[in-house]
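Student: Could you walk me through reading salt bridges in a model like this one?
Tutor: Gladly; let's bring it up and look together.

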Amino acid sequence: MSWFHWVSLTSRILAVNILPLALLGGGIFYLDTYRKQLLDERYKLARIEAQITAEALAGATRERQEALLIQIGKEQSMRLRMFDAEGNLWADSFELDEPAFTFGDPTTDDWQEDFAQILDRAVDTIVGAEPIPDYIEPEEAKADSWPELERAREEGLSQIQLRDAPDGTPVINAAAPVGLVGSTLLTTRNAVDITETVRGARSSLVSAVFLTLLISIALSLYLARTIVLPLRSLAKAAIRVRLGRDRGVEVPRLPDRHDEIGLLARAVSDMTVTLRERIDGVEHFAADVAHEIKNPLASLRSAIESMGRVEDPELRKQLTDIASHDVRRIDRLVTEISDASRIDAELSRATFELVDLAVLTEGIIERREYRAENGEKRVEIARPMGGAMVNGVPMRLERVIENLLDNAVSFSPSEGVIDVRISMERDHVSMEVCDQGPGIPEAAREKVFHRFHSVRPDEEDFGNHSGLGLAIARTIAQAHDGTVTAHDRPDGTPGACLKLVLPAASPANP
């Protein structure tokens, strides 16, 4: 039943529970239709029998009529009664001879018969069947006591009337005019066979429903097994991950399951992997922070301790400059570390808005030139005419662009040119920041995004960068469903290109 894993749990549960009910409900309405068909056929037969019998009686003598009533009543298991023009009963097959049938006595029925009658009434209630009048013998043997006889006398046509016997079986009366002198014939048949047939079909239906119920129970148990066992496996793995006793715990991914359980298993597995990566990242980050802060602290302590033993004013000034530089370095490290540690939390709560990356970049470049942050380097920008719309947090996207420009400025030669190219690529917006520096070796293109990885130009003062700039840029880009990667310059000249790619946003649907 591998195909079963492709069906959603909701569909499985509904199918398993609805199947017996649908079969039972459909069977009940089918049986009601089947009973109506049997009665319609019996109505036609009773009408034909009454008309043929009336034609046979019309031209016969009284003795011949009585003989026909007895004969037909015995052969057809019916009761036949003749009424004269005044509506008086003058011949009854049950009085002329032994009755051809008798109604069942409900007081002597066993529990099975009582239960069958209860089911009959329940089915009639469910399908909304019209009530059937009880069959009661009138006190006076007059034609006026039978509505069907009155209609037959008035209209001159045969009439049918259904009644309910004391034992719940149907009684079919057929009234037909006899000859032209106003006499009428009333035939009565107790259609016990219809009730027996319907009850037999209902027994088959109950057996089918019972079998379907057993199958439904089996499917339910199988369904429970397909749900419970994987959930237990996932729960055990999650507990082991929570306790942290085994770093090698693998959460089952259930690749063969394509339903909700499979989606849950893969989501929990991916979440566990991400959680471990986060934990490992935090541990490594804490170790890196301790290492990075320890170096300037050691230098600061050494400068302060040496300052008390130095008498030379020039040397004391050098030690003071070293201490001041170390303090600024520690302050920069703390600021960068604080930003790096809270970026994920801030972006998870931030509300994204529509941002034109080209306009944002142009504004940043203008401000940097005004503050002379680019030094002697010249920044040239190429942007699309229609803008480059993305969804994001403007302040954080500014941080990404600033960090990419800072990196390019650091590695560009004096009076070098930094090329910034913004373009639309299908459903993405791309921005490349290319410098004219030595470039980044292919083996080191991922390392430059590691935290505290800081390989700076020789002419740059030591400690002016924390090594977190590109790591922060990539973290922010990933929080925006984007990427930051390192490449060679596309024109083949020396230098590095840092490429930011973000999903494009339509202005009409940000």
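This is a predicted model: local features need pLDDT of at least 70, side-chain atom pairs count only at pLDDT 80 or more; totals for chains, interfaces and linings use all residues.

Tutor: Residues are numbered from 1 along each chain as its sequence is written, and side-chain values use heavy atoms, with hydrogens and water left out.

Student: How many salt bridges does the structure hold?

Tutor: A salt bridge is a side-chain nitrogen of Lys or Arg within 4 Å of a carboxyl oxygen of Asp or Glu. The structure holds 23 of them.

Student: Which residue forms a salt bridge with arginine 371?

Tutor: Glutamate 402 does, with the closest N and O atoms 3.9 Å apart. Arginine 371 sits in the loop between α9 (357-370) and β7 (378-382) and glutamate 402 in helix α10 (residues 394-411), so the pair ties together parts 31 residues apart in sequence. Helices (H or I, at least four residues) and strands (E, at least two) are DSSP runs, numbered from the N terminus. Both residues also belong to a salt-bridge network with Arg368, Glu373 and Asp406.

Student: Is glutamate 402 buried or exposed?

Tutor: Buried means under 20% relative accessible area, exposed over 50%, and partly exposed in between (1.4 Å probe, protein chains only). Glutamate 402 is buried at 18%, whereas arginine 371 is partly exposed at 43%.

Student: What about arginine 489 and aspartate 491?

Tutor: Their side chains meet in a salt bridge at 3.2 Å, N to O. Arginine 489 is buried at 7%, and aspartate 491 is partly exposed at 48%.
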